[in-house]
Amino acid sequence: MTTGKTDQEPTPPKLTVKDLTVSYGDKKAVGPVGLDIVGQHVTALIGPSGCGKSTFLRSLNRMNELIPGCRITGSVHLDGDPIYGPGIDPVAIRRRIGMVFQKSNPFPKTIRENVAYGLRIGGINDSREIEARVERALAQSALWDEVKDRLDDSAMGLSGGQQQRLCIARALAVEPEVLLMDEPASALDPIATAHIEELINELSANYTVVIVTHNMQQAARVADYTAFFYLGELVEFDRTDVLFTKPSNSRTEDYITGRFG
Amino acid sequence: MSVASVAPDRETIARHTARRTRRNVIADGALAVATGATLLLVLTILVVILFDVIRHGTPHLSWAFLSEAPRDGMTAGGIFPAIVGMVEMVLLMTLAGVPIGVATAIYLHEYASPVSPVTRAIRLAVANLAGVPSIVFGLFGLGFFVQFLGAGIDKAFFGSDKVFGQPALIWAALTMAVLTLPVVIVATEEALRAVPRELREASLALGATKFQTVFNVVVPQASSGILTGTILAVSRGAGEVAPILFTGAAYFLPLLPKSLSSQFMSPSYHVYVLSTQSPDVDATKPILYATVLVLLALTFTLNIAAVVVRARMRRRNAGGAG
């Protein structure tokens with residue numbers, strides 16, 4: 001199943017990455033990378049383990065700087081606004097660019113409180129508004145029907161796939177513009193994975209989604225655009241159908257045909 | 001196949017395996033015997049102590065013993081003032097020491113740069129504080145709290161009267177708080193360290209500030225560990241004698257402490273007094289045993305409380321279903 005949504009007309013990029021490099025101490029992990037991410041589409045980052053795709057993803061909402069010794073150069077712009085620079089608050093950036101992690105990480109709170117957390121810390125106290133946005137976020141992540149009768153149960157009692165969808169709902173509740181997903185289905189069984197992929201397709205109608213995946217079939221299924229990373233470099237970036245059928249770089253071709261990786 | 005010619009034949013493999021297996025069986029057996037023997041030794045010591053204390057202590061235990069003050073040069077009566085003194089001292093010490101200890105640990109673990117010389121100096125100080133003998137804490141309490149702080153307060157507010165410039169409940173509690181501080185700090189830091197990075201990242205990725213993340217996610221998640229460590233620290237402090245010897249514990253008081261500047265009786269000090277200062281050893285002996293029994297029961301209660309708290313918090317965090 002393909003997305004069938006690869007527009008022909010050029011859309012202004014949601015995220016513009018220029019000359020981005022990320023280093024840990026003296027060791028360069030990524031870059032320099034330049035890349036435009038199109039709004040309201042799904043962009044997949046693929047490549048073998050350790051190629052820097054997760055590091056690149058985490059530098060899009062400034063999660064890397066939490067790691068001691070991490071240094072970032074170059075620029076990232078969100079709708080033309082720089083996200084790196086003096087006086088720019090990473091907290092404000094992370095409200096606009098949400099993230100879902102590889103391992104589902106719900107808080108040990110109730111299902112309701114998990115989704116409401118981002119709203120409460122954002123200063124929303126009106127219980128009716130919280131209620132409405134919790135329901136909307138759970139509905140968007142296709143979890144509402146499964147949990148609507150047990151919103152006050154602990155989130156830790158949900159299955160792995162449900163927990164991951166809860167994490168997506170939690171990220172959506174604060175209404176970010178961009179959703180970063182770091183191998184969101186790698187720890188899930190095929191059925192739960194199918195759920196998540198379907199969800200990503202639906203989300204791309206309203207959100208800009210950037211997803212890191214190990215699984216090339218997954219990239220082909222969900223992504224409109226795909227970027228291939230290798231050894232910290234961006235090797236090739238193109239529309240998914242082009243990259244998978246007519247890759248212009250031989251390393252891309254070797255990787256997607258399974259010759260290495 | 002050529003593999004057969006290079007590989008050792010079946011019989012050789014079997015022989016080697018057998019020898020290795022034999023050696024493993026002997027090593028396993030020896031280890032099991034050695035560790036089992038140490039376990040037995042520890043249990044025996046505990047059982048002997050408990051058995052002795054319970055056998056000699058229970059006959060003298062009664063409601064009167066728990067609710068009366070000592071009489072007749074401590075050869076009769078109960079230990080009520082000592083129980084009350086211990087409870088008050090423990091409460092004050094917890095109130096004074098635990099918030100400071102927890103706050104220090106949160107600062108050290110969440111905010112301080114791990115490589116800065118100041119952080120290292122604080123950590124070194126905490127580690128050294130934990131190794132200081134408790135009698136030294138007692139002398140410190142006498143010198144700092146009683147003679148410096150207490151006398152200073154007297155000079156400033158009470159003229160020539162001695163109110164705070166003598167051993168008192170508050171000084172004993174503060175000395176004890178200093179003694180338990182490193183235990184609280186280390187336990188709290190341990191609990192904070194156990195909070196998975198994923199939870200912090202989840203909170204930060206939702207646009208939470210560091211402060212919001214620490215107080216809404218990290219500390220609640222660590223609370224069972226913090227509480228357990230705190231209760232264990234308190235129960236350790238509750239049984240100490242040396243730090244309160246010079247700072248507030250009284251040899252004998254028929255009345256309960258009236259204010260923070262009163263002296264107080266403590267079961268642990270009472271045990272020391274009964275066993276060394278009694279005018280009539282035979283009359284004191286059953287009282288001594290019963291006092292030890294009560295002291296043990298109080299500390300065990302605190303330890304069991306720690307275990308229960310931990311189990312309940314764990315269950316809550318695991319959320320019932322797996």
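**View 1. Burial and overall extent of chain B in the predicted model.** Of the 322 residues that make up chain B, 36% count as buried in this predicted model. Along the principal axes, the C-alpha atoms of chain B fill a box of roughly 105 × 60 × 40 Å. Among the contacts in chain B that have a separation of 6 or more, 76% are accounted for by residues 24 or more positions apart.

**View 2. Helices and strands of chain B.** Chain B holds twelve helices and two strands, and its elements, read from the N terminus on, follow the order α-α-α-β-β-α-α-α-α-α-α-α-α-α. The radius of gyration of chain B is 27 Å, which is well over the 20 Å that the globule rule gives for 322 residues, so chain B is more spread out than a compact globule.

**View 3. The two domains of chain B and the contact between them.** Chain B is divided into domain 1, covering 2–57, and domain 2, covering 61–318, and the C-alpha centres of these two domains of chain B lie 42 Å apart. Four residues from domain 1 of chain B and seven residues from domain 2 of chain B take part in the contact. On the side of domain 1 of chain B that touches domain 2 of chain B, the residues divide into two nonpolar, two polar and no charged.

**View 4. The contact between chain A and chain B.** Chain A gives 24 residues to this contact, and chain B gives 19 residues. On the side of chain A that touches chain B, at least two residues each are supplied by α2 (90–96), β6 (97–100), α3 (111–121) and α6 (160–173) of chain A. Sorted by class, that side of chain A comprises 13 nonpolar, seven polar and four charged residues.

**View 5. The open six-stranded sheet of chain A.** In chain A, six strands in the order β6-β7-β8-β3-β9-β10 form an open sheet whose pairing is mixed. Because β6 and β10 (233–239) of chain A stand at the edges, each with a single partner strand, one side of each is left without a neighbour in the sheet. On average, and with direction ignored, neighbouring strands of this sheet are turned by 15° against each other.

**View 6. Strands β7 and β8 of chain A, with helix α6 lying across part of the sheet.** Strand β7 (residues 178–182) of chain A and strand β8 (residues 208–212) of chain A run parallel and are joined by five bridges. Within this pair, A:Leu179 has A:Val209 in β8(A) as its bridge partner. The helix α6(A) lies across β6 and β7 of chain A, and runs at about 170° to β6(A).

View 7. In general, the strands of a sheet pair through backbone hydrogen bonds, in either a parallel or an antiparallel manner.

How values were computed. Residues numbered from 1 in each chain as written. Chains lettered and ligands numbered in written order. Predicted model: local features only at pLDDT ≥ 70, side-chain atom pairs only at ≥ 80, totals over all residues. Helix = DSSP H or I, 4+ residues; strand = E, 2+ residues; numbered from the N terminus. Nonpolar A, V, L, I, M, F, W, Y, C, P; charged D, E, K, R; others polar. Domains from an automatic or database assignment. Pairing = 2+ DSSP bridges. Axes fitted to C-alpha atoms, helices over the stretch in contact; angles between N-to-C directions. Rg over C-alpha atoms; globule rule 2.2 N^0.38 Å. Buried ≥ 20, exposed ≤ 12 C-beta atoms within 10 Å, placed from the backbone.
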